[in-house]
Amino acid sequence: MTDDIKNEALEQLELDIKFGFENEDELFESIREMFYNEDDFDEDWLRKTISEKYNQHQNDSLTWTRPNDFDRLAKSFDQLINNRIVCLHKASYTKQDGEGDCMETIEKLNKLGIKAIGFCYYHAQDLARTVDKDIRNLYLGFDSPTQDDHEALQVANKIVSTLKENSFEISWTGTVDQRIEIKNINWQKIPDNEDWDSERVISILIKTNNNKKTFWKFW
């Protein structure tokens with residue numbers, strides 16, 4: 001195993017641990033997959049390194065003040081989901097993939113009889129900038145399912161107002177051509193056995209939809 005491969009693996013591992021979505025086994029699988037064609041890859045070294053850095057991150061988390069910025073972001077996203085805006089955390093790696101994941105979730109909701117009015121997401125490349133201490137911002141992509149500019153702006157305004165209600169500093173030009181920026185975010189997250197992808201969105205909206213049906217049936 002060359003030093004270049006080891007350094008590349010270590011760089012990705014440190015990023016993934018800061019992201020805080022993957023446990024030790026998931027970290028091993030994702031890093032090993034990156035180097036699937038490296039026959040002399042040192043898996044023992046990887047497991048040991050993951051254990052050391054993962055445990056250090058867990059220990060560091062004991063000093064965090066709660067609720068932290070991720071807690072407030074998760075709360076904001078859940079509130080938006082309840083308003084039928086699909087919100088995905090760490091949605092793939094690129095804008096195209098993130099939008100694809102959102103539209104796939106919207107299609108699943110359509111099959112359940114639930115119509116989403118828009119979507120919001122950030123992807124792994126966005127998150128890499130967020131955990132950089134020299135940048136510390138998080139860009140959110142958004143749109144309407146029909147890519148209608150007027151509808152997309154309504155979605156964006158709802159996103160911005162919800163984030164501000166949860167004490168985030170926001171920068172946005174008010175146009176569909178500019179993503180929404182959360183400024184000065186202090187990213188603190190550890191794996192928590194929560195589902196932060198499309199299944200969370202679907203679960204919340206099914207519950208919301210069922211509650212509404214019960215309400216109207218009662219009255």
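1. Just after α7, Ser-167 takes up a positive phi of about 70°. Helices here are DSSP runs of H or I with at least four residues, strands are runs of E with at least two, and both are numbered from the N terminus. Please keep in mind that this is a predicted model, in which local features need pLDDT of at least 70, side-chain atom pairs count only at pLDDT 80 or more, and totals for chains, interfaces and linings use all residues. Residues are numbered from 1 along each chain as its sequence is written, and side-chain values use heavy atoms, with hydrogens and water left out.

2. Here is the overall layout. The protein has eight helices and five strands, and from the N terminus on they run α-α-α-α-β-α-β-α-β-α-β-β-α. Along the principal axes, the C-alpha atoms fill a box of roughly 65 × 35 × 35 Å. Of the 219 residues, 42% are buried (buried is under 20% relative accessible area, exposed over 50%, partly exposed in between, with a 1.4 Å probe and protein chains only).

3. Two totals may be handy for you. The accessible surface comes to about 12600 Å², 44% of it belonging to carbon and sulfur atoms (Shrake-Rupley method, 1.4 Å probe; for residues, only the protein chains shown count as cover). Among contacts with a separation of 6 or more, 65% are between residues 24 or more positions apart (a contact means heavy atoms within 4.5 Å).

4. Back to α7, residues 149-165. Its 17 residues should span 24 Å at 1.5 Å a residue, and the end C-alpha atoms are 24 Å apart, so the two values agree (the expected span is 1.5 Å times one less than the number of residues).

5. Which residues of α7 are buried? They are Ala-152, Val-155, Ala-156, Ile-159, Val-160, Thr-162 and Leu-163. These cover an arc of only 165° around the axis, which puts them on the same side of α7 (the arc is that of the directions from the helix axis to the C-beta atoms). An α-helix has 3.6 residues a turn, so residues three or four places apart point the same way. The cover over the buried residues includes α4 (69-82), β1 (85-88), β2 (118-121), β3 (138-143), β4 (169-171) and β5 (180-183). On the face turned away from the buried side sit the exposed residues His-150, Lys-164 and Glu-165.

6. Asn-166 lies in the loop between α7 and β4. With 7% relative accessibility, Asn-166 counts as buried. Not counting residues up to four places away in sequence, Asn-166 touches Arg-72, Lys-75, Ser-76 and Gln-79.

7. His-57 belongs to helix α3 (residues 43-61) and counts as buried at 14% relative accessibility. Its side chain reaches the backbone oxygen of Ile-17 at 3.3 Å (a polar contact is a pair of N or O atoms within 3.5 Å; within protein, one must be able to donate a hydrogen and the other to accept it, and residues adjacent in sequence count only if both atoms are side-chain atoms). Neighbours within four places in sequence aside, His-57 is in contact with Ile-17, Lys-18, Trp-64, Lys-189 and Ile-190.

8. How many disulfides are there? The count is zero, a disulfide being a pair of cysteine sulfur atoms within 2.5 Å. The sulfur of Cys-87 has its closest cysteine sulfur in Cys-120, 4.6 Å away, so it is too far for a bond. Cys-102 is in no disulfide either, the nearest cysteine sulfur, that of Cys-120, being 7.7 Å away. Cys-87 is buried with a relative accessible area of 1%, and Cys-102 counts as buried at 0% relative accessibility.
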